[in-house]
Amino acid sequence: MTAPSITVEYVDPASLLVDLNVRSEAQLDKDFLASIRDLGVLVPIVAVRTTDGSLRVRFGKRRTLASVEVGQPLVPAVIVGEEDADQVARIVSQWHENEYRSGLGTKDKLAAVEQLSLLGLSAAQIVKQTKARKQDVEQALAASRSDLAKGAAERYEFLTLDAASAVAEFESNTSTVKALVAAAKQSDGDFRHALQRARDDRDEAAQQTALIEQHTAAGTQVIDRPDYADKTTRRLTSLLDSTGKRLSEQTHAACPGHAVYIEHNWQGIEAIPVCTDWPTHGHHDPDAASARLVGPMDDKAKAERKLVITNNKEWKSASVVRRDWITTFVSRKTAPRGAAVYVAAELARGSHELRRAMERSPELAATLLGADASHSRQSVTALTDTATDARAQVIALGVVLGAVEASTSTDTWRNPTEAVKRYFAFLSANGYVLAEVEQIAAGTYKKAKRRTARAEASADAEQAAA
């Protein structure tokens with residue numbers, strides 16, 4: 001078999017024929033056009049010469065059309081011989097050229113951004129030169145400064161730039177890194193929830209540390225949370241002084257038994273003032289008799305209380321992730337499949353959540369739709385003034401989603417309404433990954449499934465830490 005003669009020429013892209021190509025449509029996004037405009041065609045177009053002397057593109061249709069679009073006068077083309085009459089060979093070769101190409105992986109992006117940074121380019125300059133998203137470059141820079149994150153990206157191909165930068169963010173916390181890597185392997189949605197919970201836990205720990213330092217600096221003893229069986233320690237809110245007046249933190253400050261403990265409750269974290277030996281210091285508990293009758297919490301009650309606190313924390317974290325996802329979801333130009341049916345059904349049902357939202361200013365809906373929340377009704381209405389019919393359907397969807405979302409709280413997972421269950425079913429059907437506490441609200445939570453997922457995640461985490 002004789003090898004075909006190969007030549008390289010600079011040709012006018014408008015003169016190239018692009019009619020015979022398996023890629024029917026060429027997506028000329030703005031970043032690709034900007035790259036061709038600024039840098040030209042970096043990878044030569046591959047063409048063959050027809051019987052009449054013209055050049056027909058075999059590989060590089062997008063590069064050709066983009067060059068014409070931005071007005072590139074000349075592009076490099078590799079001419080690989082005469083046009084082959086074997087159409088089967090042409091189609092098969094084009095299939096392989098288009099189907100089996102791949103972009104840069106996370107580890108390669110980290111390496112490239114790190115090298116550009118070491119060469120003196122700022123983040124803004126890297127964005128301009130590579131046409132990458134600002135967020136991607138910032139995440140790559142953050143990850144590239146962490147040996148642990150670079151090692152994780154090298155080892156785990158499933159890590160995205162988001163996940164790699166998160167590993168860098170929490171590199172000093174081994175257990176958190178394990179959880180993030182395991183969640184990233186499951187899905188991007190699981191990773192989003194894990195990352196938000198990690199950030200919330202970190203913020204909560206910082207709040208607790210600040211409270212302890214604040215009271216310690218003021219000379220107040222900080223104790224562990226008293227056990228329910230402790231009969232000598234009482235909250236000040238349940239104690240009276242010798243004159244029968246309710247004690248406060250200020251009036252009790254001079255008492256030798258004055259102390260605080262850090263409480264993780266439904267509202268968050270707070271310092272609870274107590275007296276560590278109220279009978280000795282002359283205080284009175286008017287409810288002491290009834291308290292003895294009730295007795296300390298049993299193991300079941302303690303477990304239920306712990307579950308409520310844990311799920312409330314997870315709900316707050318999930319709400320951040322969920323609202324971020326909805327904000328992106330309703331920024332689209334056309335409504336997804338099933339949206340019209342969902343909106344029509346919710347309007348027909350006229351649920352309490354929707355009726356209440358219609359009677360109030362739709363502040364959350366305005367926020368989700370990117371409108372001015374301070375003048376929510378007017379701003380959401382203004383969005384419809386210039387909207388196409390397709391975009392108007394998305395706005396209507398955003399109003400309904402905002403109405404149901406505004407009705408949710410930490411009580412929702414314990415007492416979900418039918419509207420909330422339909423809401424989560426719709427979000428899930430459109431790609432949102434429900435956190436476990438959201439699955440409880442949706443009525444789709446399975447304990448067996450949770451145990452299996454956690455076992456697999458634990459195994460992945462151990463491997464990640466190895």
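Which residue in S8 does Arg235 stand opposite? The model is predicted.

1. **The opening pair.** Arg235 stands opposite Val274 in S8.

2. Strands of a sheet pair through backbone hydrogen bonds, either parallel or antiparallel.

3. **Strand by strand.** S7 covers residues 258–264 and pairs with S8 in the antiparallel sense, over 7 bridges. Here Ala259 has Val274 of S8 as its bridge partner. S5 and S7 pair in the parallel sense, over 3 bridges. In that pairing, Gln221 has Ala259 of S7 as its bridge partner.

4. S8 spans residues 269–275 and is mostly covered, with 6 of its 7 residues buried.

5. **From H10 to H13.** The structure holds 24 salt bridges. One of them joins the side chains of Glu204 and Lys313, at 3.1 Å from N to O. Glu204 is in helix H10 and Lys313 in helix H13 (residues 299–329). The two are 109 residues apart, and the pair links distant parts of the chain. Is Glu204 buried or exposed? Glu204 counts as buried because its relative accessibility is 17%, under the 20% cut-off. Lys313, at 32%, counts as partly exposed.

6. **From H13 to H18.** The side chains of Arg323 and Glu405 also meet in a salt bridge, at 2.8 Å from N to O. Arg323 lies in helix H13 and Glu405 in helix H18 (residues 389–406), so this pair ties together parts that are 82 residues apart in sequence. Glu405 is buried, at 0% relative accessibility. Arg323 is partly exposed, with a relative accessible area of 30%.

7. Glu418 and Lys421 form a salt bridge at 3.5 Å, N to O. They are separated by about one helical turn because they are 3 residues apart in helix H19 (residues 418–429). Lys421 is partly exposed, at 29% relative accessibility. Elsewhere, salt bridges that share partners join Arg225, Arg235, Glu263 and Arg305 into one network.

8. Ser351 is in the loop between helix H14 (339–349) and helix H15 (352–359). Ser351 is buried, with a relative accessible area of 10%. Leaving aside residues up to four places away in sequence, Ser351 touches Glu346, Ala419 and Arg422. Lys131 is in the loop between helix H5 (123–130) and helix H6 (134–144). The phi of Lys131 is near 65°, a positive value in a residue other than glycine. Lys131 is partly exposed, at 23% relative accessible area. Val43 is in the loop between helix H1 (30–39) and strand S2 (45–49).

9. **A nonpolar patch.** Val43 is exposed, with a relative accessible area of 53%. With Leu39 and Leu42, Val43 makes a nonpolar surface patch of about 310 Å².

Methods. Residues numbered from 1 in each chain as written. Predicted model: local features only at pLDDT ≥ 70, side-chain atom pairs only at ≥ 80, totals over all residues. Heavy atoms only, no water. Helix = DSSP H or I, 4+ residues; strand = E, 2+ residues; numbered from the N terminus. Buried < 20%, exposed > 50% of the residue type's maximum accessible area, 1.4 Å probe, protein only. Contact = heavy atoms within 4.5 Å. Patch = residues over 30% accessible without salt bridge, like charges linked within 9 Å, V, L, I, M, F, W, Y side chains within 5 Å. Areas by Shrake-Rupley, 256 points an atom, 1.4 Å probe, with all protein chains shown as cover. Salt bridge = Lys/Arg side-chain N within 4 Å of Asp/Glu carboxyl O. Pairing = 2+ DSSP bridges.
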